[in-house]
Amino acid sequence: MAKQLLLGNEAIAWGAIAAGVKVATAYPGTPSTEIFSTLAAQAKHYGFHAEWCVNEKVALEVAYGSAISGARTLVTMKQVGLNVAADPLLSGTYLGVKGGLVLVVADDPGPHSSQTEQDTRQFAGFAKVPVLDPSDPQEAMEMVIEAFDISEKYHLPVILRPTTRVCHVGQDVELPEITSRNSEVRFEKGGDWVIFPSVSLRKHGELLESLKALGQEFSTSRFNYREGQGEYAIACSGVSYHYVKEALHRLNIIDNTEILKISTPYPFPEELAAQYLKKHERLLVIEEQDPVLEDAMLRLAGKIGLHLHLSGKHDAMVPGTGELNVDLVTRAIANWSGNNIKTRQVPAKPELPLRRPILCAGCPHRASFYAIRKAAGKKSDTVFTGDIGCYTLGMMPPLSAVDTCLCMGAAITQAQGIGRAEPGRQTIAVLGDSTFFHSGITGVINAVYNQYPLTLVILDNSTTAMTGFQPHPGTGQTATGEIVAAIDLQKVLEGCGLTFIKTVDPVNLKEAVAAIKEALAYDGPAVIIMKRACINLPEVKGLAPVVINIEKCKDCGLCVTEIGCPALVMETGQKPQVLESCAGCGLCIEVCPFDAIQGGDY
Amino acid sequence: MDIIMCGVGGQGTVLTSRVVGEAAIKQGYEVRTSEIIGMAQREGPVVSQVRIGTKLHGPLIPDISADYLLGFELAEAVRNLDKLNGKGRALVNTHMVVPPTVYLGISNYPEEQLIDYLKEQTSGLILINANELAAQAGSSKAVSAVMLGAFATLCPDIDETMLLKELLARLPERVQEINTRAFRLGKEFVEGETR
């Protein structure tokens with residue numbers, strides 16, 4: 001088959017299809033999202049089931065149910081999603097699986113789009129789950145197929161851990177052959193599927209035996225190998241393998257270096273590594289995130305009584321935080337090997353404009369945050385607890401309406417904690433619709449149960465916007481396009497015991513501000529649903545740009561400085577201008593004190 | 001061959017990198033592309049890296065190594081100039097996307113200084129008003145097509161017809177004519193500049 005340009009995420013999806021995946025589940029999260037989107041688009045054609053789940057724990061539990069029935073199952077998430085799914089993972093690894101269960105957990109060193117730089121290889125070791133670490137899209141595709149085989153051979157879930165520079169890297173990839181697989185899928189009663197203390201003890205023992213055998217098998221895995229020869233020794237994994245090879249070329253020592261590439265950090269291929277370590281007393285380990293290979297080698301050296309001079313993260317030869325790249329790796333190898341590298345001093349640049357990601361022109365969240373600030377009072381001391389989504393950007397000036405952001409759903413619960421610690425301190429919790437379904441509901445129930453006077457604003461834009469507009473339970477559409485009954489936020493909240501629930505359009509500023517004020521004054525938990533669809537949804541048609549009436553405009557600049565909309569600009573000493581990108585939401589009309597802006601939705 | 005494409009979210013750098021990458025694969029080259037997606041990239045700075053050749057390594061271009069820089073926005077071109085090698089060609093759209101921080105008084109956009117810096121620091125600089133050419137072709141959104149047409153003239157290694165074909169394959173029918181015109185305008189502009 002001809003080669004084509006595939007993103008790592010697309011390649012992983014095609015690998016899963018080739019492996020005969022029967023059920024695929026996921027919750028979106030950068031950089032993992034496109035794996036499942038690709039699968040969902042192919043599900044009908046290849047006859048498998050694909051669903052966006054409410055959160056990662058749910059996704060893994062659904063997947064686990066399918067896997068113990070004998071189906072090949074794939075579940076995808078970003079690294080912090082695995083924290084949410086930790087509970088079923090640890091228990092499920094004890095009990096094991098029947099059909100292959102592969103988790104693709106995408107790490108984000110940098111981090112570019114995440115709360116932490118946590119290392120899933122480390123998590124895999126803690127959970128006692130085998131983990132594969134691909135270096136590029138082609139290898140990721142081959143590894144996902146291998147991961148299914150390993151999972152079925154050892155009856156264990158297996159994690160494939162790509163990083164951002166595998167997920168969002170394009171490569172000329174050869175698609176695998178897709179053959180139909182007929183595996184018998186039937187849940188057999190009477191199997192070992194009930195976790196129970198005495199069962200756990202036995203299963204734990206079996207798990208350790210399996211890992212020991214798999215560690216031995218990994219020593220001969222085609223994904224682990226020694227390459228080249230010479231006096232220098234460098235061990236590496238993941239995308240760092242490519243950085244190392246390029247750096248060695250640049251430093252002109254590629255012909256005098258032996259590389260050890262380890263793609264199975266857990267269980268560690270001790271035999272392969274031991275032979276390498278016996279040959280090289282002095283070596284450098286280059287890996288992103290945590291010193292996983294480095295620690296495994298130090299342990300191994302201790303176990304077999306080797307004396308090593310091992311460099312890496314522990315002696316700060318390799319940076320301990322952030323993403324690696326060719327330049328950083330070249331510098332690390334140059335320092336370690338005593339080779340020099342040419343550098344060029346770039347002359348100082350002129351001042352560059354500060355460009356940060358901001359809410360889009362016409363984004364309904366801008367209106368919501370502006371209303372929240374207005375309702376709280378400009379100089380008020382109200383604490384705004386925020387959450388994960390596009391709306392985290394509400395922290396940016398001039399809106400400055402997000403004081404905290406921790407993890408999915410924490411806006412609601414952190415507000416309660418702040419109010420409990422400091423009684424009388426006003427809080428407003430803000431989170432989106434998809435995040436509410438993911439992990440907001442339990443926090444609301446907690447507030448109702450414990451009688452906390454929560455003021456919660458749910459930004460309902462009818463999508464999961466930040467990760468690329470995925471549907472969720474409130475949208476009435478599934479991953480594969482079926483139209484289903486939408487879960488009604490109002491009814492969910494009523495069911496949780498809320499007695500104050502109001503839905504408003506945030507662009508109708510006066511109504512929105514009044515509703516929040518009312519919620520703040522209400523004696524008991526209260527929720528405002530800010531309902532207005534994301535401006536980027538294909539079914540949302542933006543309106544014509546607003547028009548500024550130059551005669552009425554007094555150049556006060558409030559339309560620009562109050563809301564920070566990218567479609568409104570104003571040069572010093574001139575009238576404000578409306579750019580083409582204006583979606584005509586009309587929030588600026590409400591802001592203008594001189595009634596000088598016309599058009600818009602209101 | 002290493003190519004850096006930079007601009008502001010929504011300008012089409014990702015589309016352009018796919019087009020160049022796919023065209024190169026059709027010519028039998030290996031390709032690596034890399035970009036950062038997510039965290040509401042609209043209005044934020046975006047960079048796509050494209051590496052084309054044989055026996056490629058990783059997806060990231062080292063500093064001072066890129067052979068071409070396609071700057072879709074003036075300030076972003078300067079921000080990423082460290083990637084370009086001494087003999088590299090820079091094709092820079094003079095169109096400015098001024099971020100709100102400038103209007104809020106938090107930062108500045110010194111247009112003339114930025115252009116002077118580009119002129120001083122690059123030997124093979126071509127300044128092009130791609131937005132204006134796109135508008136001339138029929139839509140200010142056809143900036144990618146203008147940049148691709150201009151790139152096709154600058155870079156003889158990638159087949160021009162293949163670039164246009166791969167671009168059109170990714171666009172809806174109704175905008176194909178406009179984009180074909182925009183591609184030609186970009187191409188002709190660079191031909192005029194380099195003649």
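User: Let's start with the interface: how many residues of chain B are in contact with chain A?

Analyst: In this predicted model, 59 residues of chain B are in contact with 55 residues of chain A. The area buried between chain B and chain A is about 5000 Å², and carbon and sulfur atoms give 60% of that area.

User: And how many salt bridges and polar contacts go across?

Analyst: The rule finds six salt bridges across the interface of chain B and chain A, and one salt bridge joins B:Asp82 to A:Lys349, with the closest N and O atoms 2.6 Å apart. For polar contacts, the count between chain B and chain A is 19 residue pairs, with both residues at pLDDT 80 or more.

User: Which element of chain B gives the most to that side?

Analyst: Several elements of chain B each supply at least two residues of the side that touches chain A, among them H1, strand E3 (45–53) and helix H4 (111–121). E2(B) gives the most, with six residues. By class, the side of chain B that touches chain A has 29 nonpolar, 16 polar and 14 charged residues.

User: You mentioned H1 of chain B; how many of its residues are buried?

Analyst: H1(B) is mostly covered, with ten of its 14 residues buried; the buried residues include B:Thr13, B:Val19, B:Glu22 and B:Ile25. Just after H1(B) comes B:Gly28, which takes a positive phi of about 95°.

User: What span should that helix have?

Analyst: Helix H1 of chain B, residues 13–26, should span 20 Å at 1.5 Å a residue, and its end C-alpha atoms are 20 Å apart, which agrees.

User: Switching to chain A, what do the buried residues of H3 pack against?

Analyst: The buried residues of H3(A), among them A:Leu60, A:Ala63, A:Tyr64 and A:Ile68, pack against strands and helices of chain A that include strand E2 (23–26), strand E4 (73–78), helix H5 (86–95) and helix H16 (433–439). In the case of helix H3 of chain A, the 13 residues should span 18 Å, and the end C-alpha atoms are 18 Å apart, which agrees.

User: What sits at the start of H3(A), and what follows the helix?

Analyst: At the start of H3(A), a side-chain oxygen of A:Asn55 reaches to within 3.0 Å of the backbone nitrogen of A:Lys57. The helix is followed by A:Gly70, whose phi is positive, near 105°.

User: New topic: where are the cis peptide bonds in chain A?

Analyst: A cis peptide bond joins A:Thr30 and A:Pro31, with omega about 10°, and A:Pro31 is placed in the loop between E2 and helix H2 (33–46) of chain A. A cis bond also joins A:Tyr266 and A:Pro267, with omega about -10°; A:Pro267 has its place in the loop between strand E11 (257–261) and helix H11 (270–279).

User: What about A:Asn252, is that residue buried or exposed?

Analyst: A:Asn252 is exposed, with a relative accessible area of 68%, and lies in the loop between helix H10 (240–251) and E11 of chain A. Phi of A:Asn252 is near 65°, a positive value in a residue other than glycine. As background, most residues other than glycine have a negative phi.

User: And where is B:Ile64?

Analyst: B:Ile64 is in the loop between E3 and strand E4 (66–71) of chain B, and has a positive phi of about 50° although it is not a glycine. With a relative accessible area of 27%, B:Ile64 is partly exposed.

How values were computed: Residues numbered from 1 in each chain as written. Chains lettered and ligands numbered in written order. Predicted model: local features only at pLDDT ≥ 70, side-chain atom pairs only at ≥ 80, totals over all residues. Heavy atoms only, no water. Helix = DSSP H or I, 4+ residues; strand = E, 2+ residues; numbered from the N terminus. Expected span 1.5 Å × (residues − 1). Buried < 20%, exposed > 50% of the residue type's maximum accessible area, 1.4 Å probe, protein only. Contact = heavy atoms within 4.5 Å. Polar contact = N/O pair within 3.5 Å; in protein donor to acceptor, adjacent residues only side chain to side chain. Buried area = accessible area lost by both parts, 1.4 Å probe. Salt bridge = Lys/Arg side-chain N within 4 Å of Asp/Glu carboxyl O. Nonpolar A, V, L, I, M, F, W, Y, C, P; charged D, E, K, R; others polar.
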